[in-house]
Amino acid sequence: MAGKVFFSVSMSLDGFIAPGSLGELMGQQWMELQQWAFRQRFFRENLKLGAGGEEGRDNDIARETFERTGASVMGKRMFDAGEQMWPEEAPFHTPVFVVTHEKRDLWERPGGTTFHFVNDGIERALDQAREAAGDRDVRIAGGGATILEYVNAGLIDEFSITISPVLFGSGIRLFEGVDASRVALEPVRAEPTQRVTHLTYAVRER
């Protein structure tokens with residue numbers, strides 16, 4: 001049985017998931033947004049950032065998100081940023097399907113991540129990701145514009161937002177341009193921890 005299609009992101013209190021320009025990625029604001037994750041033992045192990053790290057519910061959620069994911073889909077903007085920043089052993093360890101107009105051969109990385117470049121739209125990328133994921137879930141990894149395309153196309157089953165206690169003021173808003181007339185949400189989980197609040201919703205058509 002096919003798994004779910006979901007996304008999982010960290011978001012600032014004022015609704016932003018990334019700075020406005022690629023040059024600001026990994027800057028102070030973005031690091032504050034993601035600080036909760038970088039503290040977790042699982043995250044540190046996955047990115048090979050060294051020993052140590054916190055254990056607890058935040059760590060469990062980071063691990064659960066990784067373990068449910070059988071394949072990922074991302075946009076070209078996210079891939080371009082990640083290609084420069086990810087370690088040699090990219091952190092996905094699954095097939096990743098990049099929605100792009102660029103023609104490019106697949107790119108295999110150590111540790112099980114293989115990037116496939118899909119030139120014929122978001123639905124074709126999702127079809128390939130579903131096939132690769134088997135009975136596990138497909139994660140729409142980002143960025144914001146790609147997530148929004150999938151939401152507005154009615155292709156998202158569930159999403160999780162981790163609210164971080166940081167304000168951006170400007171940048172990329174997660175739901176800027178959402179077609180609210182066709183999307184209804186059903187709460188699944190609201191779980192506060194000492195550092196952040198994890199919110200999960202099932203998506204229903206209106």
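1. A cavity is a set of points, on a 1 Å grid over the protein atoms alone, where a 1.4 Å probe fits but cannot get out. Its volume is the space filled by probe spheres set on the points, with grid points joined across faces, edges and corners. By this rule there is one cavity of 30 Å³ or more, and the largest cavity has a volume of about 40 Å³.

2. Some notes on the source. The model is predicted, so local features need pLDDT of at least 70 and side-chain atom pairs count only at pLDDT 80 or more, while totals for chains, interfaces and linings use all residues. Residues are numbered from 1 along each chain as its sequence is written, and side-chain values use heavy atoms, with hydrogens and water left out.

3. Which residues line the largest cavity? They are A2, G3, K4, R130, A133, G134, R136 and V138 (lining residues have an atom within 4 Å of a point). By class, the lining has three nonpolar, two polar and three charged residues. Here Ala, Val, Leu, Ile, Met, Phe, Trp, Tyr, Cys and Pro count as nonpolar, Asp, Glu, Lys and Arg as charged, and the others, Gly among them, as polar.

4. An open sheet of nine strands has the order β5-β6-β4-β3-β7-β1-β8-β11-β10, with mixed pairing. The edge strands, each pairing on one side only, are β5 (107-108) and β10 (183-192). Strands (E, at least two residues) and helices (H or I, at least four) are DSSP runs, numbered from the N terminus; two strands pair if DSSP finds at least two bridges between them.

5. Strand β8 (residues 158-164) runs parallel to β1, and seven bridges join the two. Within this pairing, F159 of β8 is the bridge partner of F7. With strand β11 (residues 197-205), β8 pairs in the antiparallel sense over six bridges. In β11, L199 is the bridge partner of I161, and H198 is that of T162.

6. Is β8 enclosed or open? Seven of its seven residues are buried, so β8 is largely enclosed by the rest of the structure. Buried means under 20% relative accessible area, exposed over 50%, and partly exposed in between (1.4 Å probe, protein chains only). Both faces are covered, with E158, S160, T162 and S164 buried on one side and F159, I161 and I163 on the other.

7. I161 counts as buried because its relative accessibility is 5%. Leaving aside neighbours within four places in sequence, I161 is in contact (heavy atoms within 4.5 Å) with V9, M11, L174, F175, T197, H198 and L199. One of these, T197, is 36 residues from I161 in sequence and 8.2 Å from it in space, C-alpha to C-alpha.

8. A nonpolar core is a set of buried Ala, Val, Leu, Ile, Met, Phe, Trp, Tyr and Cys residues joined through side-chain atoms within 4.5 Å. The largest has 27 residues, of which F7, V73, V138, I140, Y150, I156 and L174 touch the most other members. At least two residues of this core come from each of β1 (5-12), β3 (69-75), β4 (95-99), α6 (122-133), β7 (137-142), α7 (144-152) and β8. Helix α6 gives the most, with five residues. Another core, of 10 residues, lies apart from it and includes F79, W86, A90 and V96.

9. In α7, the buried residues include G144, T146, I147, L148, Y150 and V151. Leaving aside neighbours within four places in sequence, Y150 is in contact with V73, V99, I122, A125, L126, I140, L155 and I156. Just after α7, G154 takes a positive phi of about 75°.

Key:
1 Å grid on protein atoms, 1.4 Å probe; cavity = no way out; pocket = protein on both sides within 12 Å on 5 of 7 lines; lining within 4 Å.
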